[in-house]
Amino acid sequence: MDDFLAARLQMAFSLGFHIVFACIGMVMPFFMSVAHFYWLKTKKVVYKDVTKAWSKGVAIFFATGAVSGTVLSFELGLLWPTFMEHAGPIFGMPFSLEGTAFFIEAIALGFYLYGWDKLNPWFHWVTGVVVGISGLLSGILVVAANAWMNSPAGFDFVDGKYLDIDPIKAMFNDAWFSQALHMSVAAFVSTGFAVAGVHALMILRGRNVLFHSKAFKIAAVFGTVAACLQPISGDISAKDVAHRQPAKLAAMEAHFHTERNAPLIIGGIPDTANKRVDYAIKIPGLLSFMTTGNFNGEVKGLDVIPKEDQPPVAVTHYAFQIMVGLGMAMVFIALLYFIALWKKRQWLNSNWLLKLFIIATPMGFIALEAGWTVTEVGRQPWIIYGVMRTVDAATPMPGIAYSFYLFTGVYISLAIIVSLLLYRQITMVGKLYDSTSKLPKN
Amino acid sequence: MIYVVIVFLWTSILLYILLGGADFGAGIIELFTSKGNRSKTRKTMYEAIGPIWEANHMWLIIAIVILFVGFPKIYTTVSIYLHIPLVCMLLGIIARGTAFVFRNYDAVKDDMQKVYTPIFIYSSLITPFFLGIIAASSVSGQIDVQAQDFLSAYVFSWLNWFSVSVGVFTVSICGFLATIFIIGQAADDDRSFFIGKARRTIYTVMFCGALVFVAAYHENIPLASWIFGDTLGLTAIIAASISLIIMFFLLQRKKPILLRLLAGFQVAMILFAATYSHFPDIVLLKNGANLSLLTHQGQAKAIDTLGYALLIGSIFILPALGYLIYIFQQKKEVQEAH
C-alpha cells in the first residue's frame, strides 16, 4: 500500500473510532444526570439503578475515548508533521483549552464514580453534570480546530509563510459555529438512538421491564428531540458550505455544472467521466433554494473548480446521501414517538414502535460517520483548505502501511472487547443493577 | 510569557512522571509480585489510584499540546525521527488504559480477566520503557536529520544502549514511586510486605541509575560531565541521593506523606539535573543544530495565548484536582478510624 494512502486511512480509522467513543462519552453523562436527578427528587430506586448502570457505561467509554484521543494528539505529528509544524501554533488555542476541559472532565468523573455515599448528594449530582458539560465543551473545541482546516483564519499566508498569526481569530473561524452545532446535536441524536435501541430490545424481550422502560424514555427523548433539531442545523451548515467551500457542496450533491434553478439530487450514481448522475431523483430548484434562499439562485458546480482541486465526488456524494437519508428516517421515528407521547399513549406499549427504535439503533452512528466522511473527504485535496495540500503534509517516514495494519488491528480488537463488555453489562442488569426486580416493592 | 510556558511544560512532564509513573508502577509491581500476593497488591493499588487514575494521564496530553502549539518544530522533529518508539508507547497507552477499565468494569468476572490482567501488566512495563527511550534519544544527540537510509534515520536514533538503559531506569523509577505511594495506603498487617518491596525497588533504582552511566560511557555520551560539570546539576543529584538515604531510614516509621514528598522531590531533582544542563536546548541532534525552547518557539502571539490558556486552565484544574485527592484521602482515614 502506498504510504500516503496508508497515512490517510490510519487517520480516518483512528478518528472514526475515536468519534464514536467521544460522542457517547460526552452525551451519556447527560442521560445519567437526568436519571440521577429523578432519583434525588422522587427517591424511586429504579432511577438510582439506571444511573449506576449508565455510569459504568460512561466509565468504559470515557476511558476508551481518552486513550484514543491521546493517540490522536500524537498521530497528528506522526502522520502529518508538515501540517502540524505550521498549523500547531495557529489552531492550537482550542486544543489548549480542550486540555483544560478534558482534565476537568476526568476530575469530575473521579468524583462521580467514586462519590456514591461519600459526597453530599447534590454535590455528587453536580459533578455528574460537570462531566457532561466539560465533555461537550471538549467536543466543541476539537470541532473548532477541525473547522479551522475547512475555513482557515487568523494568519496571513505570504510566499508560503504563515505570518501575523492570531490564535483567537483562528478559533472563531467562519465554520466553527455551524460545525460545532451540527456535531454536538449529532452526538445527542446518535447516542440517544443507540441507547434507546438497546433498552427497547430488552423491553421487547421482557427483561427488567421497569428498569429498561425508564432508561429507554430518557434516552429516547434526548435522541428524538435532537433528531428534529438536526435538519435546522444541517440547513445552516449547507448554506455555510455553499458559501465557503463550493467544491465540497458540489461534490456532496454531485453537482457538475454551475446553474440557476439547480435541482436537488437525491441518490443516484455519479458518473464523473461524463459529468452526470444516473438514476437520481431530481427536485428542480430545491438546491438553489436550500443554499441561497432563492429558487433561481446560482449554485456553483464542479466545472468552476480546477481539476486538481476537486474532491472525490462519489464518496462524498454517497456519504452525504447516507447521512441525510438516515437523518430523515430518525426524524420520522421521532415524530411517531412524539405523537405516541402526546396523543396515542397506547402506541408506547406496542411492539412496533419498540421495533422501530431497535432497527434505528445504529442509524445515528452510521449517519455520524457518514457526515464526518463528507466533511473530511469533501475538503480534499486540501488539509488546510486552499492553503496546504494533504499530500504535502505527510511524514517522510516510509512503511506507514505497517503502522496502518497495526492500528487497524488494535482498534478492531478494542471494538470487539468493548462490545463484549457492553453486552455483559446489559445482560447482567438484572443481577447487578435492578434492585426492583429482586426486592418486593415497598 | 515564554518562561511561563516552559515552566508549565516542565511541570506537566514532572507530574506525568510522578503521577502517571506511580500508576504504571502499580502494574509493574504486580508483575514482580508472586501469584499469592497479587490480589492483595492489586486491591490496595486500585483503592489508591482509582479515583485519580484518569487525571494522572492528562498531564501527558497537556505536555504534548504545549509542544505542538508552542514549539511545533520540536514536536514535529521528534514525531518524525522517533516515530517507531512513539508508536510503541502509544500502543502501550491504549492497551493499558483500556485493560485497566476492562478489568474493573467487566460485569462478569471470568476467564476474560486472564486476558486483561497480562495486557495491563505488560503494557504498564512497556509504556514507561519507551517513554524513557524517547526522552533519552531526544537529549543524547543520536537523532540524525541528515541520514539517508531508513535504519540510521528512524531506528538507530533510538535503538542504542544509552536509550535502552534510560528506558529501564524509567521503569525502575515507576516501580519505586508506586511502592512508596502504596505504603501509606496499605493496611497495617500488609505494611511490612510493602516496605520490603520498597527496599528492593530502591536498590533497583540505584542499580539502573548506575547502568545508565555505564551505557552512556559505552556510547561516548558525556553524561557525567553534563550532570557533574555544572554546580546546580551536581547539587540536584546530591540532593536526590540524600533524600534517597533519608527515605531508606524513614521506611519503617509511619510517615507516608513525608515519604511521598521525598520521593517526588527526588524524581524532580533527577529530571532537573537531566534537563538543566542543556537548557534551553531540548532536542539534541547529531549534526549539532540543537532544537532550543527559546530559538524554536512559535510566534509571540501563539506563545502569549498559550500561556494565558494554561494559566486560566490551572485556576480551574489545580483546586479541583487537589480537592479530589484530599477528599478521598480524608474519607479513607475516616473509614480506617471506624
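Helix 1 and helix 14 of chain A are roughly parallel to each other in this predicted model. Their axes come within 8 Å and cross at roughly 20 degrees. This angle is under 35 degrees, and the pair therefore counts as roughly parallel. Helix 1 of chain A spans residues 3-42, and helix 14 of chain A spans residues 400-427. The crossing of helix 1 of chain A past helix 14 of chain A is left-handed. On helix 1 of chain A, the contact is formed by Asp3(A), Ala6(A), Ala7(A), Leu9(A), Gln10(A), Phe13(A), Ser14(A) and Phe17(A). Helix 14 of chain A contributes Ile400(A), Ala401(A), Ser403(A), Phe404(A), Phe407(A), Thr408(A) and Tyr411(A). By class, the residues of this contact are ten nonpolar, four polar and one charged.

Between the chains, 52 residues of chain B are in contact with 52 residues of chain A. Five helices of chain B each supply at least two residues of the side that touches chain A: helix 3 (53-70), helix 4 (72-81), helix 5 (83-105), helix 7 (150-155) and helix 13 (300-337). Helix 13 of chain B gives the most to this side, with 14 residues. The side of chain B that touches chain A comprises 37 nonpolar, ten polar and five charged residues.

Confidence values come from the predictor. The complex has an ipTM of 0.86 and a pTM of 0.89. For chain B, the mean pLDDT is 82. In that chain, 94% of residues reach a pLDDT of 70 or more.

Definitions and conventions:
Residues numbered from 1 in each chain as written. Chains lettered and ligands numbered in written order. Predicted model: local features only at pLDDT ≥ 70, side-chain atom pairs only at ≥ 80, totals over all residues. Contact = placed C-beta atoms within 7 Å. Helix = DSSP H or I, 4+ residues; strand = E, 2+ residues; numbered from the N terminus. Nonpolar A, V, L, I, M, F, W, Y, C, P; charged D, E, K, R; others polar. Axes fitted to C-alpha atoms, helices over the stretch in contact; angles between N-to-C directions. Parallel < 35°, antiparallel > 145°, perpendicular 65-115°, else oblique. Left-handed = near helix turned anticlockwise from the far one by under 90°. pLDDT = per-residue confidence, 0-100.
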